[in-house]
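User: Hi! Could you walk me through this one?
Analyst: Happy to. Let's look at it together.

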Amino acid sequence: MLYTVDGLVLQAKNYGENDKLVTILTADGKQTLIAKGVRSMKSKYKNITEPFVYANFELNQKGSAIAWIKGGSSIEIFYNLREDVGKLFLATYVCDVANELSGERVECKDMLRLTLNTLYAIMNDLRPLSQIKAVFEMRAAAISGYCPNLDYCEECENENAELTYFDITNGALICSECLNRRGQIVKKNLSLAYDDIRERNVLIPLTPASRSAIRFSIGAPAEKIFSFSLSEAEDLKTFSKACEEYLLYHLGHGFDSLDLYHSIL
Ligand SMILES: [Zn+2]
């Protein structure tokens, strides 16, 4: 069967003597393709099998076997991502996360759009890289079903508490008053549980602006997610830390590409 599909190359691995296995993200899910002979000089579709290339792929597939690339044309190659090592590592991490959070034959329209918009934002310096990264992490987590609720304190339901903490473990907000109360009660009644709670729940203190930034990243329309600024360095730092910790906590592991990004930025 011959067909075409629009997809973003998330990963390309050498396979056999001259071939590559290419993982693409499409609106209908993740798909692994074989690019035969693509590592030879003569290959005419070499340019569309590189990471970060968004292309229209012409595919051939027999039954349920792996589809192979017959040809295609690029829609956007995000060329500039390869010119700056910080951008390159961040773009690789973004694709690694998208790869992990996408499935085969499941709708991935939102994840595809988010990933493309994020690569575009990185390439064009729409915002500081740490902000783009954090927005992507929080939105990717929310799309994948790990949506935190930071609208009000999980215990007293106060929406306007000054000092709040992001309860990473439970994807919730807790105000400083409730946290103190919880600590005191537990401390008074059962000293063992105090340590238990502190160790079990990962809590990050939030500034009001970083809390708003997280809420915006979750709820804003897809085309507007990067359209805000954090003027204070402390707010951006807190926002970045909270989003990364939250995503990694729920995925349960880190990424080599993220370590590389942090090794230089
Ligand atoms: Zn409270």
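User: Is lysine 20 buried or exposed?
Analyst: Lysine 20 counts as buried because its relative accessibility is 11%; buried means under 20% relative accessible area, exposed over 50%, and partly exposed in between, using a 1.4 Å probe and protein chains only. This is a predicted model, where local features need pLDDT of at least 70, side-chain atom pairs count only at pLDDT 80 or more, and totals for chains, interfaces and linings use all residues. Residues are numbered from 1 along each chain as its sequence is written, and side-chain values use heavy atoms, leaving out hydrogens and water.

User: New topic: what domains does the protein chain have?
Analyst: The assignment gives domain 1 (1–77) and domain 2 (81–265), with bounds from an automatic or database domain assignment. Their C-alpha centres lie 32 Å apart.

User: And how many residues does the contact take from each?
Analyst: Domain 1 gives 18 residues and domain 2 gives 22, where contact means heavy atoms within 4.5 Å.

User: How many salt bridges cross the interface of domain 1 and domain 2?
Analyst: The rule finds zero; it asks for a side-chain nitrogen of Lys or Arg within 4 Å of a carboxyl oxygen of Asp or Glu.
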